[in-house]
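Let's take a friendly walk through this model together. We will look at a strand and then at a ligand site.

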Amino acid sequence: NGSRGHIAHADATASNGGHALSEVVPKKKKVVLLGTGWAGMSFLKSLNNPTYEVEVVSPRNFFVFTPLLPSVTCGKVEARSIAEPIRNIIRKKNVDISFSEAECVKIDPQNKKIYCRATIDNHSKGEEEFAVDYDYLIIAVGAQVNTFNTPGVMENCHFLKEIDDAQKIRKNVIESFEKACLPSLSDEERKKILHFVIVGGGPTGVEFAAELHDFVNEDVVKLYPKVKDLVKITLLEATDHILNMFDKRITNFAENKFGREGIDVKLGSMVTGINENEISTKTRGNGKTTSTPYGMVLWSTGIGPRPLIKEFMKQIGQGNRRALATDEWLRVEGIDNVYALGDCATINQRKVMEDIAEIFKKADKDNSGTLTVKEFQETLDDICERYPQVELYLKNKQKRNIVDLVKEAKGDAAKESKEVNIEEFKAALSEVDSQMKNLPATAQVANQQGAYLAKCFNRMEECEKNPEGPPRFRGTGRHRFHPFRYRHLGQFAPLGGEQTAAQLPGDWVSIGHSSQWLWYSVYASKQVSWRTRALVVSDWLRRFIFGRDTSG
Ligand code: FAD
Ligand code: MG
Ligand code: MG
Ligand code: MG
Ligand code: MG
């Protein structure tokens, strides 16, 4: 169907001019990309197939290096240093790319059209609305904060998702100290103003708590000596531990470090509501509710789908999910020529048990109804590629291959017969699908998906010959097209005081000053341009030498 689309375009007379030329030169295929975040930027950077015409639509004309957003909140890094104008990225490309500063408000997959509303601040004009046709649509709009419908959160909390948020937080932190220094206040009032509450003990909440604590210790003590002892930082976490997604050693280290430093970590604490003055929490277990006066709250408890995505999922029958479902090639399930990646999407990995009969049939090359060791070995790579959970399962079970698994499942019977029938095969693999995990909503995933999808687009002709992606089993030679495969490179949790926890693949954990240096070098090298790299590094140096800038 893709190639038919191609011919249709070659036939259509181009609207611009209608010269003879347009009948000869096939019209470029139009790719519309929604979003200029990690996924979108990474797609654009890796795309190099000049047969496309790309239109980028995003309400934000710059990319944000989100891992450094927490550093902006207390002035370690300047906001502008972590933003790269998207036009800087596209002007360097050999591909025809245009940009519109607008948000997509509706997707119409039947007519291959999206509807947009310009977001440029221009009060003299009404809202500009327009539609864009596409041949391929790439949805990379990210996600939004999730308040879990907790009353008062939207009105009273800060969030940390965009550059504006980080700048607002920074201004608010500094203003809090200025306010607390005013002569007319009682100590009670000063304490309230200087009570900083962070909701959510994930990496963002923890890093902000650490940044704030450093700021107080390194700068506030010198600049606001009168009020330094009235500062309180509280971290509320609903589950039993902070930094859940990390190794236990890191969680323990962080909880102990925060404890020593006087950051009040309250575990099992659910926020039930927030008003202008107080935050109410319920303690898990005893169900006790408490209300505490606060000066500032950062809400950082996770993400949910944007309205555009919610609406689109309804439209295409995906119902009430947390993110758009795609297959392993990042194609939105159930509709043609629409791709989704990053935080707005999740991959629906195929289950082995659903395909088991087919896998068995393909592996059984001689149609004997049983599999030999040789037949197993010949198909294992393909099975592992199509179903990554198999590889994980083998690794966790410390088995080299499926043959060993089957042997284990068969027990003593294995000694007698050398071959395996379908029932035995099923029994051996019955637990495999329990290894499937959704990929985390991280920049690392979004970045790799963007690069992967660009590679697919760079080789689209080949891919269209294999519309189902790679055939399940060998024999198609060089046209095989791999499904997306995530490579986890590890993750960091900065904990303040120039100490960072690093968890690298293979459960390698390192915590302390040396990982902080690793953190500096990784984040300097991951910058999208030499310009932002230079800015970020000079911000770090400036802070080491002169301390933070506290003009609010
Ligand atoms: P985003 O980067 O959020 O980009 C979405 C884009 O879509 C934006 O340009 C937005 O303006 C645009 N958009 C929104 N609505 C529309 C619309 N209707 N139409 C068109 N465009 C639209 N991950 C890590 O791996 N490591 C980290 O250290 C890390 N630290 C983080 C720290 C913070 C404070 C935050 C908030 C996130 C952090 N993350 C980190 C997570 C990471 O930022 C996200 O997973 C990543 O940004 C997801 O990329 P994305 O492209 O899907 O979405
Ligand atoms: Mg994006
Ligand atoms: Mg981003
Ligand atoms: Mg995702
Ligand atoms: Mg056989």
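A residue is called buried under 20% relative accessible area, exposed over 50% and partly exposed in between (1.4 Å probe, protein chains only). With that in hand, K29, V31 and L33 point one way from β1, while K30, V32 and L34 point the other way, and all are buried. This is a predicted model, where local features need pLDDT of at least 70, side-chain atom pairs count only at pLDDT 80 or more, and totals for chains, interfaces and linings use all residues. Residues are numbered from 1 along each chain as its sequence is written, chains are lettered from A and ligands numbered from 1 in the order in which they are written, and side-chain values use heavy atoms, without hydrogens and water.

**Strand β1**
- Strands are DSSP runs of E with at least two residues, and helices are runs of H or I with at least four, numbered from the N terminus.
- β1 pairs with β2 in the parallel sense over six bridges; pairing takes at least two DSSP bridges.
- K30 has E53 of β2 as its bridge partner.

**Around ligand 1**
- The shell has 31 residues, with A39, T66, D343, T442 and A443 the closest; near means a heavy atom within 4 Å.
- α18 gives the most to this shell, with three residues.

**Polar atoms by the ligand**
- One oxygen atom of ligand 1 is 2.8 Å from a polar backbone atom of A39, and a polar side-chain atom of R60 lies 3.5 Å from an oxygen atom of the ligand; a polar contact is a pair of N or O atoms within 3.5 Å.

Terms used. A polar contact is a pair of N or O atoms within 3.5 Å; within protein, one must be able to donate a hydrogen and the other to accept it, and residues adjacent in sequence count only if both atoms are side-chain atoms.
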